[in-house]
Every structure is written in C-alpha cells, then in structure tokens.
Amino acid sequence: MSTSPAASGFGSIADTAPLSLCAREPHVPADRLVAEMVPPPRFDSVRFDTYLPDPNQPSQTEAVGVLESFAAGLGGAHAVGGGKRGFLGFGRSRAAKTPAGPRGVYLDGGYGVGKTHLLASLWHATPAEPALKAFGTFVELTNLVGALGFQKTVQTLSGHRLLCIDEFELDDPGDTVLVSTLLGRLVDAGVALAATSNTLPGRLGEGRFAAADFLREIQGLSARFRPLRIDGEDYRHRGLPEAPAPFADEEVTKAAYATEGASLDAFPELLAHLAKVHPSRYGALTDGLKAVCLTDVRPVPDQATALRLVVLADRLYDREVPVLASGQPFDQLFSEEMLNGGYRKKYFRAISRLTALARDAKGLVEGS
C-alpha cells in the first residue's frame, strides 16, 4: 500500500509521511555490535529491588537472593588477573588457569517470569565498569562471532568480568556447539557466565526439562553453572486485559500519520524486506522509531520468514516500541505445525512479546 500523504488522504495530519522500515537498509560496523552489548532500553533501569516476585512463587524470591550473592562475589580483580584491554582485546596478557568451582548461573523457567529482568539486574549489580561486562541474546552473540570471527570474539570478551546471555537457544546444533566452544574459552579466561532459556510451554509441568537440555548441550561446561528454577506465570499477562483486537487499516494509517516517529508498512512487504537485511542489523533497523504501524498482518508463509520475524519482535520489545496492527491477531501469525515444531519456544516468545507491544500501542488510536 502507498504511504504517501496524497494517496492515503492523511496529509493534513502530519507535516511528513510516516517512516518506512522497508526503506531502511542499515549497515552496522563491528565496533557498534560490541558497544551495544549492554541491557536494552527496556531493562536499562531494572534492578533487583524493582523485581516484584509473585508471592505464590517462592522460587522467584530465592533467585533474587542467589543472584545478589553471585554479583557480590564478582567484585575485586578479574578471576585470572585480567586488567583493562583495548578494543578486541589486543595487548592483554595470557590468562592464568581459571579457579575451580561454578562461575555461572542458569535461569530456568517459562515465559514472562522475569528472567531477563533478573539477568539485567545481575549485570547492573556486578561491581565492574560497563566496558568489562557484556549482555546480549544468544542470537546477538552468534552475530558477533559472524562479524568479528571466532578468535577476535574471544579476544574481545576474555577480559570481561561477566557475560550475560539471554534466550540461550538449543534449536540449532551448529550454533549451540559454536557458542559452547566460545564459552569454554571464556571460562578458561576467567569470565563469569549467566544465561537464560525457556521451558517449552507444553512442558512446564515436567520439572527441569530446559535445565537438563541446557546442561547437556554445553557438555563440559555444565559443572560451571548453577541452575536456578524460576516458577510462575507470564507477568506480561498476569492480571492484565487481553491484547486489543487488530484495528482497521484506516485506523492504523491515521495513527501512523498522527504519531511523530512512527513507521507504516504493509506486513507482507515488511516480511519480504527482512530477507534482505541481516538479523544482526534489525536493532539498527528500528533506530529512532517511536511506534511501528503495520497493515494487513497475516500468517507468515514459511519458517525462514518466521524466524526473521522473531528476531525483529525481540528487538522491538527490547526497545519498547509499540506495535499497532490491522489484519489478523498476533496469536495467529504461526501455523500449528510451527508451534509444534523445533522452534516453537521462539514463536511462543514472539507472540507473548508482540501481544504486549500491541497492548502498549492501543493508545495511539485513541489519541489520533
């Protein structure tokens, strides 16, 4: 669909037409990928004392105490005596042997129990300057290896006090082996590790399903991690109304023109555009956006497209960008086959996050 003022009939609402994600083709230098390995804007201000444990879930309160102690134990000198090093770690002396004992924690739990909140709180609470702490998703870490190469990634991160990995993925054996090997090198260099992953929605009653998978996949590193089970329901929907139903095309378009910094794209065209942009650039794709407006939302046609959409949903959620949409509801984006397949945990996470962003966007129509 056209997004020009003349074609849409909304030229009088705003001085300029909305932005378009389809018109953006960002190029991200490697040093930006490294510099951006910090908690995303949504979690920039979170701390342990802002986490609100569910009183019916004692494991949540217990996890806070364990992580506070873990952060406190990371004070002082680097575990193997590492001092500051320049970009990509050049000039740093060879590390000594890592002390024995757990140097990592793994947060095991379902969707929306606050694992990312706790992981970011750990990053903030660790007594080290930001340049010596790194925070990123599993996908962002694999993208960093792709951008820098394996050896330079090791050099870049080996002087850090702490590496936090959110949404550790167990779907792709190749990526899992790559990251496990990387983590092994970092552990040898004295870097403390923290990771989260998701128990599959259909298996929440089966105890330590995700923890067992995680510890098996990282094999030799399993002794370095203490699993922390965090029980509870998805806080994004706890006590909140259901996400608003999709709006009409005209309402979405009007809101896009009335909202400064909003983008407006037809959903099928956006999906086609995502195939032309590397997922490591999806964060840059959303730079400066105040809202994303989408028309003609429909089920994604294939798994490759679906996985790209998952990454975009994560970046939008991290940056707290509301998503206003027409067409079909977000819980109908993925087919039953996809939701029952090997990548189902990613798709459930995307549905949960897009639903939260749709709720955040409801005011755009009411205020337009």
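Mentor: Happy to! Let's start with a strand pairing: Gly104 stands opposite Phe225 in strand E5. Keep in mind as we go that this is a predicted model. Gly104 belongs to strand E1, which covers residues 104-109. E1 runs parallel to E5 (residues 225-230), and 6 bridges join the two strands.

Now look at how E1 is covered. Of its 6 residues, 6 are buried.

His124 sits in helix H4, residues 115-125. Is His124 buried or exposed? Its relative accessibility is 18%, and buried means under 20%, so His124 counts as buried. Setting aside neighbours within four places in sequence, His124 has contacts with Pro39, Phe43, Asp44, Val46, Arg47 and Lys133. Lys133 turns up again in a charge-over-ring arrangement: it lies over the face of Trp123, at 4.3 Å from the ring centre.

Staying with rings, let's turn to aromatic pairs. A pair of this sort is described by the distance between the ring centres and the angle between the planes. The count here comes to 1 aromatic pair. Its members are Phe334 and Tyr347, which are stacked, with 4.6 Å centre to centre and 20° between the planes. The pair links distant parts of the chain, 13 residues apart: Phe334 is in the loop between strand E8 (323-327) and helix H13 (336-339), while Tyr347 is in helix H14 (residues 344-366). Phe334 counts as buried because its relative accessibility is 4%, and Tyr347 is buried as well, since its relative accessible area is 0%.

Helix H3 spans residues 58-72, which makes 15 residues, and reaches 22 Å from its first C-alpha to its last, close to the 21 Å expected at 1.5 Å a residue. The buried residues of H3 are Ser59, Gln60, Ala63, Val64, Val66, Leu67, Phe70 and Ala71. When you look at that list, remember that an α-helix has 3.6 residues a turn, so residues three or four places apart point the same way.

How values were computed: Residues numbered from 1 in each chain as written. Predicted model: local features only at pLDDT ≥ 70, side-chain atom pairs only at ≥ 80, totals over all residues. Heavy atoms only, no water. Helix = DSSP H or I, 4+ residues; strand = E, 2+ residues; numbered from the N terminus. Buried < 20%, exposed > 50% of the residue type's maximum accessible area, 1.4 Å probe, protein only. Contact = heavy atoms within 4.5 Å. Pairing = 2+ DSSP bridges. Phe/Tyr/Trp six-rings, centres within 6.5 Å; stacked < 30°, edge-to-face > 60°. Lys NZ or Arg CZ within 6 Å of the ring centre and 35° of its normal. Expected span 1.5 Å × (residues − 1).
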